[in-house]
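Subject: Structure for your review

Hello,

Here is the structure I said I would pass on. My notes on it follow below.

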Amino acid sequence: MSEAREIYSAPLTPRSGTATPKSGTVTPMTPPISAPPSQFHSPSLSRSPLLSFNENVEPINGLNNGTNNKTPKGSRPRTPVQFISPLASPLRRAITPLASPLRRAITPIASPIRKAISMTKLDPQDAWLPITESRNGNAFYAAFHTLCSGIGIQALVLPVAFTVLGWTWGIICLTLAFLWQLYTLYLLVQLHESTETGVRYSRYFTLCIAAFGEKAGKLMAMFPYMYLSAGTCVLLISIAGSTCKIFFQIVCGQDCTAKPLTLTEWYLVFTCAAVVLSQLPNMNSIAGVSLIGAITAVAYITIIWAVSVAKHALPGVSYEPVRSGSTIKNVFSVLNALGIIAFAFRGHNLILEIQATMPSSEKHPSRVPMWKGVQSAYVLIAMCLYPLAIGGFWAYGNKIPQDGGMLTALYQFHGRDTSQFILGLTSLFVIVNALSSFQIYGMPMFDDIESKYTMRKKKPCPWWLRALFRALCGFLCFFFAVAFPFVASFAGLIGGIALPLTLAYPCFIWIVLKKPKAYGPMWCLNWGLGVLGMVLSVLMIAAGIYVVIANGVEFHFFKPH
């Protein structure tokens with residue numbers, strides 16, 4: 001058995017060529033594999049692909065029967081392709097001939113490395129994009145990202161759904177929705193990497209394309225996927241800008257003589273801060289930002305429901321479900337309430353992206369630490385959502401404001417009898433959480449724009465152009481926040497649009513890719529949940545539109561107030 005050679009993980013600089021003794025010509029050298037066995041599955045931390053092959057490889061003497069294989073004139077070197085090495089491939093024979101010591105050293109028969117090489121499909125472009133640029137994440141990073149993306153300002157409107165559903169059905173629907181979305185989260189974590197093909201689906205829409213085909217996958221997933229990212233960023237600018245104005249008024253006091261900024265100017269202040277923070281290069285680099293966002297989210301949600309419960313229920317509060325004379329209006333109000341509950345559970349469009357930042361191998365697949373991180377995060381999410389929904393509805397009942405939910409209720413009903421320090425701290429936590437959530441929800445937008453550049457130019461995006469792209473995305477969201485300041489009133493409608501990504505698509509994708517036994521338990525369960533999710537989505541969208549029209553939302557374009 002030949003002596004195994006040491007393989008270094010640092011990328012090696014290929015030599016320009018070697019002189020052939022007979023002809024004196026220079027034969028281009030093929031760069032060796034520059035990844036350790038643990039990184040065959042993913043790009044390295046650098047922004048250049050791990051596996052770089054020269055497509056114009058001149059065959060080794062003795063393998064070409066004397067033929068001369070020259071590089072065609074005018075051809076340009078291409079971006080490295082995926083590492084696919086069939087047994088009879090000429091490229092494989094040219095790189096590692098049958099008797100090569102290197103071949104025996106790195107791929108012994110039945111070795112785990114050989115299995116990894118045969119299973120892994122590496123897209124070198126992933127090394128250039130912000131989501132997959134770094135794959136050194138762990139369970140803690142996954143918990144930080146999941147908690148920051150899964151809980152936030154949207155949870156503050158949960159008690160509004162209880163005003164229509166009441167105590168019993170409100171708690172039942174919240175529990176069922178929580179369990180349902182936790183199950184689809186589990187499906188997505190398991191679907192992230194295929195043990196059969198070795199492909200890692202690092203983005204939600206790529207998983208949909210793999211399951212439903214390119215046209216159907218893009219049609220079904222691209223709009224709600226990007227809508228959730230861009231729409232959430234617009235919503236964060238609207239709510240955080242309004243909270244900035246309130247925070248300034250609290251800190252400045254009633255006797256302050258300073259001229260306050262307008263609401264549009266506060267939107268701009270928040271957007272500038274978000275754009276500066278968005279210059280962090282990739283998903284793993286914002287793990288600390290997500291940790292801060294998660295801590296502040298848990299903090300301000302706890303403060304809001306604790307203060308509301310401590311101040312006791314409002315006098316004359318009623319807990320009877322709100323009903324009107326029309327049966328159709330009552331049905332649509334219930335469906336809109338279900339959409340509000342669905343809106344409270346967000347982040348499914350980021351689960352695959354978060355898991356893509358983690359290393360994975362045959363012995364240590366990424367789904368194990370990812371699921372641990374998700375479980376830890378959702379324990380905390382449950383500990384925040386249930387007290388917020390139940391305590392908020394107990395404190396305010398049917399008097400809770402429809403626009404703004406618990407945050408508006410805190411300022412409206414307890415703004416005078418609550419410490420200004422507590423109110424100011426709560427506002428500050430909301431702003432910091434919105435700033436952190438903007439980064440993780442903006443990452444799919446940044447990744448999509450940069451992927452267009454790298455596909456066209458066949459090279460990584462330079463730092464100055466990356467900064468320009470992200471600034472453009474941030475200020476485009478600012479424009480929409482100013483143009484449509486009433487977007488926060490569409491919680492039920494947004495929940496209906498996002499519901500397929502959260503509750504329906506993962507079930508269908510599991511059936512297509514995993515192919516469970518027909519009419520078996522998993523087949524029936526996923527078909528039932530998938531069809532129910534799609535039906536609910538259509539009904540919630542219709543109900544959201546009806547409620548908006550019936551309640552008379554004020555459409556004040558370019559006039560935030």
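**Salt bridges**

Arg203 and Asp447 meet through their side chains in a salt bridge, at 2.7 Å from N to O. Arg203 sits in the loop between H5 and H6 and Asp447 in helix H14 (residues 420-457), so this pair links distant parts of the chain, 244 residues apart. Please keep in mind that the model is predicted. Arg203 is buried, at a relative accessible area of 7%, and Asp447 is buried as well, at 3%.

A second bridge joins Glu450 and Arg470, whose closest N and O atoms are 3.4 Å apart. Glu450 belongs to helix H14 and Arg470 to helix H15, so the pair ties together parts that are 20 residues apart in sequence. Glu450 is buried, with a relative accessible area of 0%; Arg470 counts as buried, also with a value of 0%. Elsewhere, salt bridges with shared partners connect Asp126, Arg135, Arg203 and Asp447 into one network.

The structure holds nine salt bridges. One of them is between Arg367 and Glu193, with 3.9 Å between the closest N and O atoms. Arg367 is in helix H12 (residues 367-396) and Glu193 in the loop between H5 and H6, so this bridge ties together parts that are 174 residues apart in sequence. Arg367 counts as partly exposed, at 27% relative accessibility, whereas Glu193 counts as buried, at 9%.

**Overall make-up**

The protein has 561 residues, of which 50% are buried. Its secondary structure comes to 17 helices and two strands. Of the contacts between residues at least 6 apart in sequence, 81% join residues at least 24 apart. The accessible surface is about 26700 Å², and 66% of that belongs to carbon and sulfur atoms.

**Core and helix H5**

Which residues have the most contacts inside the largest nonpolar core? They are Leu156, Tyr300 and Ile341, in a core of 122 residues. H5 supplies the largest share of this core, 17 residues. Beyond its neighbours within four places in sequence, Leu156 is in contact with Tyr300, Ile301, Ile304, Leu388, Gly404, Gly405, Met406 and Leu407.

Thr163 is buried, with a relative accessible area of 2%. Its contacts, leaving aside neighbours within four places in sequence, include Glu320, Pro321, Val322, Phe393 and Asn398. Trp180 counts as buried, at 13% relative accessibility. Not counting residues up to four places away in sequence, Trp180 touches Leu503, Leu529, Leu532, Gly533 and Leu536. From Trp180 to Ala504 the C-alpha to C-alpha separation is 9.8 Å, although the two are 324 residues apart in sequence.

**A buried histidine**

His145 is in helix H4 (residues 139-150) and is buried, with a relative accessible area of 0%. The His145 side chain reaches the backbone oxygen of Met283 at 3.4 Å. Setting aside neighbours within four places in sequence, His145 is in contact with Met283, Ile286, Ala287, Ser290, Ile354 and Ile440.

**Loops**

Most residues other than glycine have a negative phi. His312, in the loop between helix H9 (287-310) and helix H10 (327-344), has a positive phi, near 70°. His312 counts as exposed, at 54% relative accessibility. Lys515 is not a glycine either, and its phi is positive at about 50°. Lys515 lies in the loop between helix H16 (491-514) and helix H17 (521-551) and is exposed, with a relative accessible area of 63%.

Gly213 is in the loop between helix H6 (204-212) and helix H7 (214-252). Gly213 is partly exposed, at a relative accessible area of 28%, and touches Cys208 and Lys218, not counting residues up to four places away in sequence.

**Surface patch**

Leu476, Phe479, Phe480 and Phe484 form a nonpolar patch on the surface, and together they have about 350 Å² of accessible area. Within this group, Phe479 lies in helix H15 (residues 463-483) and is partly exposed, with a relative accessible area of 39%.

Regards

How values were computed. Residues are numbered from 1 along each chain as its sequence is written. This is a predicted model: local features need pLDDT of at least 70, side-chain atom pairs count only at pLDDT 80 or more; totals for chains, interfaces and linings use all residues. Side-chain values use heavy atoms; hydrogens and water are left out. Helices (H or I, at least four residues) and strands (E, at least two) are DSSP runs, numbered from the N terminus. Buried means under 20% relative accessible area, exposed over 50%, partly exposed in between (1.4 Å probe, protein chains only). Contact means heavy atoms within 4.5 Å. Patches are made of residues with over 30% relative accessible area and no salt bridge: like charges are joined within 9 Å, nonpolar side chains (Val, Leu, Ile, Met, Phe, Trp, Tyr) within 5 Å. Accessible areas come from the Shrake-Rupley method with a 1.4 Å probe; for residues, only the protein chains shown count as cover. A salt bridge is a side-chain nitrogen of Lys or Arg within 4 Å of a carboxyl oxygen of Asp or Glu. A polar contact is a pair of N or O atoms within 3.5 Å; within protein, one must be able to donate a hydrogen and the other to accept it, and residues adjacent in sequence count only if both atoms are side-chain atoms. A nonpolar core is a set of buried Ala, Val, Leu, Ile, Met, Phe, Trp, Tyr and Cys residues joined through side-chain atoms within 4.5 Å.
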